Amino acid sequence: MIAEKTVKTLEFDKILQAVASFAVLEKTKEAIARCSFETDLKEVNSLLDKTEEAYKLLYEHSVSGIFYFADVSEELDRADVGGTLNPAELLRIADNLKSARTIRGAIRSVPDESIVVLRGISESLYLNEEFEKEIRDKIISEDEISDTASPKLYSIRKSIKDINARIRNQLNSYMRTGFNKYLQESVVTMRQGRYVIPVKSEYRSQVKGFIHDQSSSGATVFIEPEVVMELNNDLKKAIFDEKEEIYKILKDLTVKVSFMTDAIRDNAEKLAVIDGFFARAEYSFKNKCVRPSVNKNGNTDVRSARHPLIAEDKVVPVTFRFGKDYNFLLITGPNTGGKTVTLKLVGILSLLTMCGIFIPAAADSEVSVYDGIYCDVGDEQSIENDLSTFSSHIKNIVGILNSLSGNCLVLLDELGAGTDPEEGCALALAVTETLLKANCYGIITSHYSKLKEFAVESEKIENASMEFDSETLKPLYRINIGIPGSSNAIDISRTLGLKSSIADRATEYLSSDKINFEAVLRKAEASRKEASRLAEELEVLKAEKERELRDIVSEKEKIVKERERIYSNAKQEVKRIVSERMTEAEEIIEELKRILKAAGLESKEVFRASRLKNRLIDGRYVSGEEENAPIELKKAEFSELKKGKRVYLKNLGAYGEIVSVKPEKKEAEILIGNIRSKVGFSDIYNAEDIKEKPSVKVNSSAVRKDVPKTELIVVGKTASEAIEETEAFIDGAVVNGLEEIRIVHGYGEGILRRKIREYLKKNKNVESFRNGVYGEGENGVTVVTLK
């Protein structure tokens with residue numbers, strides 16, 4: 001049982017108002033305000049399931065929520081008894097149907113199989129899109145019916161428009177034919193739904209017609225000339241016909257509504273249910289709430305819980321537990337330390353859970369569901385019932401003790417206060433014993449030392465204290481379980497301005513047992529704080545080491561992956577080279593066969609044979625690496641790349657000097673001779689670390705030493721020097737029968753490359769040239785095909 005008094009005492013009604021503010025429908029707001037609390041564990045979990053589904057729909061799948069519609073209960077009742085609804089009421093009926101249609105469509109579009117309950121509710125909604133459209137087509141607004149609502153209405157309104165025009169034309173013509181001098185002003189107006197003209201009172205006999213009105217001064221009379229009387233009669237009749245047709249249209253729509261009143265009522269109920277869980281979900285999202293684990297064994301274990309009525313920038317999260325190892329917490333400590341706020345928070349978290357609302361706490365929090373929640377908090381003085389504060393408290397406690405029934409939560413603030421301390425303490429002990437025997441759960445706050453001692457000795461109740469800064473004597477609003485708190489009344493009085501002499505005298509009045517007990521509490525608190533500080537430092541150190549370990553493991557994984565990638569690329573490159581060599585060898589062999597079969601060897605054929613022979617000799621090398629004394633390269637680290645450092649550029653096969661380093665682009669500008677070139681960090685190696693490998697001995701009978709070079713490096717040379725060397729190199733290549741050569745000129749600003757290529761265009765021995773591809777040096781190399 002959750003009494004209304006408990007709800008108000010815990011200020012839970014304010015929280016319900018906050019939740020209701022997120023609802024769209026008035027019916028939903030009212031339902032949340034009078035929310036009932038489920039005590040059955042299965043029902044509580046069902047409520048939380050629906051809130052979780054609503055949370056997913058709103059914040060994971062961006063469903064917009066319920067479309068607003070006003071309560072239509074009265075309209076439906078009138079439709080049931082044969083009444084006729086007006087346009088505004090019919091539009092509200094259409095809003096109900098639209099709301100049902102839009103929410104069903106929105107939930108249907110969500111491909112989430114975990115949305116079960118709310119999907120089922122939405123699928124059971126009554127939809128009639130055709131009738132909804134009919135209402136909106138025929139009714140433009142609350143006071144306007146569409147011309148096309150019926151063919152007859154369209155015809156009538158067209159007739160009314162025509163008659164109005166004819167009357168105005170007739171009157172304007174009438175006023176121009178000599179009657180203008182009798183008029184107060186040349187305008188056409190209306191009185192009592194008929195067209196009239198304003199005539200000067202002294203000339204009223206000059207204008208034949210019917211007088212409908214006169215001005216307040218009597219100077220003007222409004223006469224309906226007889227020439228338009230018949231037309232005015234026609235207009236009046238048409239207007240009556242229009243009203244009658246509108247009534248028929250509204251009546252026809254209302255009759256259709258009467259056949260679906262039960263379905264529309266059911267829609268309103270179901271839409272309010274969906275809206276209610278959307279409101280719970282939105283409140284939970286705005287207040288950073290989480291779904292708690294729920295039990296019914298009294299176990300409450302909440303982490304970093306926040307009081308929802310305290311501003312986010314002021315609230316201090318608290319962590320507490322009870323119900324498993326002990327049934328009650330006895331919270332002691334100074335006034336204004338947060339004892340009452342914590343006590344109320346315990347009740348609020350249970351009530352939130354029991355009405356399907358997530359709690360403002362950290363994940364993995366657990367809350368118990370209770371059969372009853374009872375509390376006695378605050379100043380209960382009642383002048384009306386002639387009860388003192390103490391009497392009111394005792395009356396409440398008596399009522400609580402008489403209502404205890406197994407699984408319930410009891411919250412008692414300042415138990416035994418408001419009377420003689422010795423008797424109050426005795427009462428507090430007796431009531432606490434009774435509660436423990438009843439095997440219920442809860443929170444008790446107090447200042448009594450004997451109650452603290454009782455909690456130390458009893459197994460079912462545990463001491464707790466609100467943390468207090470012993471230096472500033474200000475509360476920290478954090479709860480410490482296992483250590484009783486000190487009231488610090490005398491010390492706090494000093495800080496509030498009490499004279500030291502009075503405070504010292506008060507200390508002298510304390511018993512030695514009291515002084516010793518408080519001293520023990522202070523030492524225990526100091527030890528706890530030191531242990532807490534050390535634990536925090538250890539946690540920080542542990543987190544740092546774990547992060548370092550993760551970084552090491554991650555780096556190791558990267559290295560392994562990079563090694564595998566390089567190995568895989570190398571294997572593919574070897575396969576490619578071998579395949580090319582095999583294809584080339586087969587081509588050479590076939591060509592030699594054709595030459596040998598030729599009749600005689602002419603000089604041209606001898607030259608071709610020489611070229612083929614050289615290609616075979618060149619093919620016996622493994623990419624020329626053995627001849628060029630391979631070297632071991634060590635990639636330069638980023639930290640080593642400094643201006644002026646001498647480095648080796650693997651792709652270009654040249655040395656250079658660092659001019660500048662650009663970490664953001666991961667590249668450096670290198671001076672190679674007189675040429676500046678931008679090179680990526682990955683292609684830069686330490687020049688001083690290059691060591692020659694032992695030269696490989698090659699059988700002279702197997703390998704010729706006069707193999708022609710196929711590559712010329714002109715990096716760092718001037719354009720004229722490079723062109724001169726290129727010309728000589730091409731001549732030598734032609735003599736040696738080479739078909740393809742490489743000229744390495746580097747990247748730089750592209751000047752050397754452009755000059756060389758301009759020369760190549762003019763050289764008669766050059767068939768074509770191209771950029772190097774990946775693995776050949778790319779734009780830093782020009783590959784030349786000779787004729």
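Me: What volume does the largest cavity have, and what makes a space a cavity at all?

Reply: The largest cavity has a volume of about 40 Å³, taken as the space filled by probe spheres set on grid points that are joined across faces, edges and corners. A cavity is a set of points, on a 1 Å grid over the protein atoms alone, where a 1.4 Å probe fits but cannot get out. With a threshold of 30 Å³ or more, the count comes to 1 cavity.

Me: Before we go on, what kind of model is this?

Reply: This is a predicted model, in which local features need pLDDT of at least 70 and side-chain atom pairs count only at pLDDT 80 or more, while totals for chains, interfaces and linings use all residues. Residues are numbered from 1 along each chain as its sequence is written, and side-chain values use heavy atoms, with hydrogens and water left out.

Me: Which residues line the largest cavity, and what makes a residue part of a lining?

Reply: A lining residue has an atom within 4 Å of a cavity point. Here the lining consists of Asp376, Phe390, His393, Ile394, Ile397, Glu414, Leu415, Gly416 and Ala417. Helix α13 (residues 389-403) gives the most to this lining, with 4 residues. Helices here are DSSP runs of H or I with at least four residues, strands are runs of E with at least two, and both are numbered from the N terminus.

Me: How do the lining residues divide by type?

Reply: There are 5 nonpolar, 2 polar and 2 charged residues. Ala, Val, Leu, Ile, Met, Phe, Trp, Tyr, Cys and Pro count as nonpolar, Asp, Glu, Lys and Arg as charged, and the others, Gly among them, as polar.

Me: What makes the phi of Ser62 worth a look?

Reply: Most residues other than glycine have a negative phi. Ser62 has a phi near 55°, which is positive although the residue is not glycine. You can find Ser62 in the loop between α4 (41-59) and α5 (73-80). Gln192 also has a positive phi, about 55°, without being a glycine, and it sits in the loop between β3 (189-191) and β4 (194-200).

Me: Why are Ser62 and Gln192 called exposed?

Reply: Exposed means over 50% relative accessible area, buried means under 20%, and partly exposed is in between (1.4 Å probe, protein chains only). Ser62 has 63%, so Ser62 is exposed. Gln192 has 59%, so Gln192 is exposed as well.

Me: How do you know that Arg291 and Glu52 form a salt bridge?

Reply: A salt bridge needs a side-chain nitrogen of Lys or Arg within 4 Å of a carboxyl oxygen of Asp or Glu. The closest N and O atoms of Arg291 and Glu52 are 2.5 Å apart, and the pair forms a salt bridge. The two residues belong to distant parts of the chain, 239 residues apart: Arg291 is in the loop between α11 (261-286) and β7 (293-295), and Glu52 is in helix α4. Arg291, at 26% relative accessibility, counts as partly exposed, and so does Glu52 at 30%.

Me: How many salt bridges are counted, and what makes Lys296 and Asp371 one of them?

Reply: The count comes to 30 salt bridges. Lys296 and Asp371 meet at 2.8 Å, N to O, which is a salt bridge. Lys296 lies in the loop between β7 and β8 (300-305) and Asp371 in the loop between β11 (366-368) and β12 (372-376), so the pair ties together parts that are 75 residues apart in sequence. A network of salt bridges also links Asp77, Asp80, Asp262 and Arg265.

Me: Why are the buried residues of α14 said to line one face?

Reply: Gly424, Cys425, Ala428, Val431, Thr432, Leu435 and Leu436 are buried in α14. Seen down the axis, the buried residues fall within an arc of 135°, so they line one face of the helix. That arc is taken from the directions from the helix axis to the C-beta atoms. On the other side of α14, Glu422, Glu423 and Lys437 are exposed.

Me: What makes α12 largely enclosed?

Reply: In α12, 14 of the 16 residues are buried, so the helix is largely enclosed by the rest of the structure. Helix α12 (residues 339-354) reaches 23 Å from its first C-alpha to its last, close to the 22 Å expected. Just after α12, Gly356 takes a positive phi of about 80°.

Definitions and conventions
1 Å grid on protein atoms, 1.4 Å probe; cavity = no way out; pocket = protein on both sides within 12 Å on 5 of 7 lines; lining within 4 Å. Expected span 1.5 Å × (residues − 1).
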